[in-house]
Amino acid sequence: MKFRPTPTARGGFSLMEIIVAISILSILAATLAMRAGGMIEKGKTAKVVDLASTFKTVCATYHADVGGYAREYANSGKNNRRLSAKQNSTGWSGPYLESALTPGQNPFGGTIDLYDNVRTGNKIPGFDVDGDGSLDVRGDGNVLYLSEVPREAAEAIDASIDRDLNGAWNKRGRVRYKANRKELFILVYY
Ligand SMILES: [Ca+2]
Ligand SMILES: [Ca+2]
């Protein structure tokens, strides 16, 4: 005896089944989108941490060669691109970067500059490297400055460089952050 489904059983999906299926699909899509978003943000913060590490090495080399601190501003003249543009300073044996620093190297779309003074054009007073509450570096030194950095990204960068320093993460250690202006400051070399 053959079993034959009744026409009503084969008549397509019920409204409830369609609603359930759409709900499941939209939850899946949202989860995937969130994961992708998280991965993109992680990629951006990792890029900044890598850049800080590269500049640490590069600034140390420049310091050993020339005896001072280099500045490298994105989209600037030769005098402000001392790592990438040929300089006449004694001992200069660059270029120290593969190419000049450009705003495109800020993954968050803002500006990016390497300063030769830790006060970064008086945007910050200096750095409390050991996190004891008093500033340790106030003058010469190299700071990588980035604008338009979202708070979550800044916190992730801070966590990977300053690790578990006590006190306010945005004021202590080698990474400082000004939330109102979305500005990130990383002391790369001093
Ligand atoms: Ca200190
Ligand atoms: Ca910090």
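Leaving aside its neighbours within four places in sequence, with which residues is I186 in contact? In this predicted model, I186 is in contact with A52, V143, L144, I161, R174 and V175, once those neighbours are set aside.

The secondary structure of the protein consists of two helices and five strands. Read from the N terminus, these elements follow the order α-β-β-β-α-β-β. The radius of gyration is 26 Å, well over the 16 Å that the globule rule gives for 190 residues, so the protein is more spread out than a compact globule. Along the principal axes, the C-alpha atoms fill a box of roughly 100 × 40 × 30 Å. Buried residues make up 27% of the 190 residues. Among contacts with a separation of 6 or more, 61% are accounted for by residues 24 or more positions apart.

The five strands form an open sheet in the order β1-β2-β3-β5-β4, with antiparallel pairing. At the edges stand β1 (72–73) and β4, each with a single partner strand, so one side of each is left without a neighbour in the sheet. Two bridges link β1 to β2 in the antiparallel sense, and E72 stands opposite L114 in β2. Further along the sheet, β3 and β5 run antiparallel and are joined by five bridges. Four bridges, also antiparallel, pair β4 with β5. The residue F185 in β5 takes part in both of these arrangements: Y145 stands opposite F185, and R176 stands opposite F185 as well. The hairpin of β4 and β5 has four residues between the strands, and K182 in this hairpin takes a positive phi near 55°. Strand β5 is mostly covered, with seven of its seven residues buried.

The helix α1 contains 52 residues, which at 1.5 Å a residue should span 76 Å; its end C-alpha atoms are 75 Å apart, which agrees. Just after α1, G67 takes a positive phi of about 90°. The helix packs on the sheet, where α1 touches β2, β3 and β5, and the direction of α1 makes about 40° with that of β5. The buried residues of α1 are T45, V48, L51, A52, F55, V58, C59 and Y62. In an α-helix there are 3.6 residues a turn, so residues three or four places apart point the same way. The elements that cover the buried residues of α1 include β2, β3, α2 and β5. The other helix, α2, lies across β4 and β5 and runs at about 165° to β4.

Terms used. Residues are numbered from 1 along each chain as its sequence is written. Chains are lettered from A and ligands numbered from 1 in the order in which they are written. This is a predicted model: local features need pLDDT of at least 70, side-chain atom pairs count only at pLDDT 80 or more; totals for chains, interfaces and linings use all residues. Two residues are in contact if their C-beta atoms, placed from the backbone, lie within 7 Å. A residue is buried if 20 or more other C-beta atoms lie within 10 Å of its own, exposed if 12 or fewer, and partly exposed in between; C-beta atoms are placed from the backbone. Two strands pair if DSSP finds at least two bridges between them. The radius of gyration is taken over C-alpha atoms; the globule rule is 2.2 Å times the number of residues to the power 0.38. The expected span of a helix is 1.5 Å times one less than its number of residues. Axes are lines fitted to C-alpha atoms, for helices over the stretch in contact, and angles run from 0 to 180 degrees between N-to-C directions.
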